[in-house]
Amino acid sequence: MKNVVGLIIRIVLAMLVVWLTSVLTPGMSVQGGFGTLAIAALAIAIIQHLLATLTGLERSGLAKGISGFLVTALILFLAGKVVSGFNVSIIGALIGGLVLGVVEMLIPGGSFKK
């Protein structure tokens with residue numbers, strides 16, 4: 001039961017981070033409400049995991065410098081391509097990579113980390 005509650009909290013935090021990033025980032029928008037937010041947060045987590053597993057590249061926003069920023073931007077852009085209602089332009093992904101790094105620093109708990 002404790003694991004389920006922790007998972008729910010991480011999903012809600014991830015949804016909050018995605019929503020806040022989309023509000024603060026030109027070129028990024030979420031249409032469709034909570035369902036789209038949940039799917040976008042899940043897609044970002046899955047893409048992050050696949051990239052880390054297949055390439056060894058870790059996404060951690062500002063903590064990894066330019067490479068972490070670019071990987072974050074790539075993850076946001078790819079998530080925008082696979083999630084209906086989550087729209088991310090190239091410029092939006094680049095700005096969103098920076099914004100996401102700052103937002104994740106402000107919201108404790110490492111919302112996209114295991």
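In this predicted model, Gly 56 adopts a positive phi of about 85 degrees. This glycine lies just after helix α2.

Helix α2 itself covers residues 34-55. Its 22 residues should span 32 Å at 1.5 Å a residue, and the end C-alpha atoms lie 31 Å apart, which agrees. The helix has a buried set made up of Thr 36, Leu 37, Ala 40, Ala 41, Ala 43, Ile 44, Ile 47, Gln 48 and Leu 51. These residues cover an arc of only 165 degrees around the axis, so they sit on the same side of α2. An α-helix has 3.6 residues a turn, so residues three or four places apart point the same way. Phe 34, Ile 39, Leu 42, Thr 53 and Leu 54 are exposed on the other side of α2.

Helix α1 has 23 residues. From first C-alpha to last it reaches 33 Å, close to the 33 Å expected at 1.5 Å a residue. Its buried residues are Leu 13, Ala 14, Met 15, Val 17, Val 18, Thr 21 and Ser 22. The cover over the buried residues of α1 includes β1, α2, β2 and α4 (90-106).

Val 5 belongs to helix α1. Its relative accessibility is 41%, so Val 5 counts as partly exposed, a class that lies between the 20% limit for buried and the 50% limit for exposed.

Technical notes:
Residues are numbered from 1 along each chain as its sequence is written. This is a predicted model: local features need pLDDT of at least 70, side-chain atom pairs count only at pLDDT 80 or more; totals for chains, interfaces and linings use all residues. Side-chain values use heavy atoms; hydrogens and water are left out. Helices (H or I, at least four residues) and strands (E, at least two) are DSSP runs, numbered from the N terminus. The expected span of a helix is 1.5 Å times one less than its number of residues. Buried means under 20% relative accessible area, exposed over 50%, partly exposed in between (1.4 Å probe, protein chains only). The arc is that of the directions from the helix axis to the C-beta atoms. Contact means heavy atoms within 4.5 Å.
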